[in-house]
Amino acid sequence: MELIRQESNEWVFEDSTISHEVDEEFDAALEAADQGDLRVAERLARLVLRKCPDHIDALHHLALWLGERGDTLAAYVHCQAAVAIGLQAIPPDFNWKRSRLRWGYLENRPFMRAYQALALHRMDQRAWDDAILILGRLLAVNPNDNQGVRYELPQCWFETGDVDAVVEHCRAHRNDASPFIRYTNALALTMADRIPEGREALASAIRSSPLVARELLAKRHPEPDDGFAGSYVVGGPSEAWVYWDAYGTYWRRSKDAMKLLRELASVA
């Protein structure tokens with residue numbers, strides 16, 4: 001496994017040990033998982049890893065499947081192993097602030113997926129600084145953020161009490177119409193005692209995504225079924241539920257924010 005510099009400080013992972021045969025065997029594992037047979041998927045992934053121990057995608061997916069069946073520790077260990085292979089391939093002249101590791105290169109995606117998964121593990125373990133480091137790196141090297149790490153970072157800052165970082169982050173992504181930015185910005189401004197700005201931001205967010213306000217204020221939160229398992233429909237009830245699931249805790253911690261939400265939602 002190597003990380004190779006392209007022109008304009010673009011970098012791409014290359015692994016000459018992954019043959020066409022290995023790719024086909026891994027595809028069979030993915031197909032088994034898609035059909036719901038995780039036992040077969042795990043077995044095929046382990047066969048791939050016997051032939052190609054540095055197969056990051058096989059390790060990453062094996063970690064996901066282990067997690068799905070409740071083996072959290074094994075999932076974390078396999079995720080760490082996948083990330084370690086990628087990190088060991090990064091040369092000293094790669095700079096996490098200035099170099100680019102684009103999602104557009106298919107060869108980069110296995111490591112980037114695994115690195116994000118590791119951040120989520122660290123969030124589950126309440127290792128917020130580690131998660132911030134990883135998510136910040138992914139956002140820096142791939143500013144287009146195809147993975148949506150910009151929506152996960154504010155959770156870590158809320159947990160560490162760094163509301164100013166959330167405000168600055170949302171300002172940097174002010175052209176993003178997602179409730180994960182707009183509602184979160186309103187919450188952070190209110191928590192920072194910038195109430196007039198928070199009110200304005202929240203009013204705009206409610207106009208843009210009224211279902212999110214309704215979900216945040218609801219007493220019960222059954223998960224909607226819109227036919228998109230593992231994802232959500234932008235602007236739909238599933239997006240509102242996913243936002244509440246990620247950020248509802250932080251809204252409830254702020255009496256001022258909830259007061260504003262009730263007031264503005266009632267007149268929307």
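**Pocket and helix packing**

A: Happy to, and keep in mind that this is a predicted model. In the second largest pocket, the lining is made up of eight nonpolar, one polar and eight charged residues.

Q: What's the volume of the second largest pocket?

A: The second largest pocket comes out at about 330 Å³. It has 17 lining residues, and those closest to its centre are Ile 18, His 55, Leu 106, Glu 107 and Pro 110.

Q: And which elements give two or more residues to that lining?

A: Those are strand 2 (11-14), helix 1 (20-34), helix 3 (56-68) and helix 5 (109-124).

Q: Let's move to helices. How do helix 1 and helix 3 sit relative to each other, parallel or antiparallel?

A: Their axes come within 11 Å and cross at roughly 20 degrees. The cut-off for roughly parallel is under 35 degrees, so helix 1 and helix 3 are roughly parallel to each other. The crossing of this pair is left-handed.

Q: Which residues meet there?

A: From helix 1 you have Phe 26, Ala 29, Leu 30 and Ala 33, and they meet Asp 57, Ala 58, His 61 and Trp 65 of helix 3. By type, this contact has six nonpolar residues, one polar and one charged.

Q: OK, what about helix 2 and helix 3, at what angle do they pack?

A: Helix 2 (residues 38-51) packs against helix 3 at an angle of about 150 degrees, and the axes are 10 Å apart. That angle makes helix 2 roughly antiparallel to helix 3. Here too you get a left-handed crossing.

Q: Last one: how do helix 5 and helix 6 cross?

A: The axes of helix 5 and helix 6 (residues 128-141) come within 8 Å and cross at roughly 155 degrees. Helix 5 is therefore roughly antiparallel to helix 6. Their crossing is left-handed.

Q: And who meets whom?

A: Helix 5 brings Met 112, Tyr 115, Gln 116, Leu 118, Ala 119, Arg 122 and Met 123. Those residues meet Trp 128, Asp 130, Ala 131, Ile 134, Leu 135, Arg 137 and Leu 138 in helix 6. This contact divides into ten nonpolar, one polar and three charged residues.

Key: Residues are numbered from 1 along each chain as its sequence is written. This is a predicted model: local features need pLDDT of at least 70, side-chain atom pairs count only at pLDDT 80 or more; totals for chains, interfaces and linings use all residues. Side-chain values use heavy atoms; hydrogens and water are left out. On a 1 Å grid over the protein atoms alone, a cavity is a set of points where a 1.4 Å probe fits but cannot get out, and a pocket is an open set with protein on both sides within 12 Å along at least five of seven lines; lining residues have an atom within 4 Å of a point. Grid points are joined across faces, edges and corners, and a volume is the space filled by probe spheres set on the points. Helices (H or I, at least four residues) and strands (E, at least two) are DSSP runs, numbered from the N terminus. Ala, Val, Leu, Ile, Met, Phe, Trp, Tyr, Cys and Pro count as nonpolar, Asp, Glu, Lys and Arg as charged, and the others, Gly among them, as polar. Axes are lines fitted to C-alpha atoms, for helices over the stretch in contact, and angles run from 0 to 180 degrees between N-to-C directions. Angles under 35 degrees count as roughly parallel, over 145 as roughly antiparallel, 65 to 115 as roughly perpendicular and the rest as oblique. A crossing is left-handed if the near helix is turned anticlockwise from the far one by less than a right angle, and right-handed if clockwise. Contact means heavy atoms within 4.5 Å.
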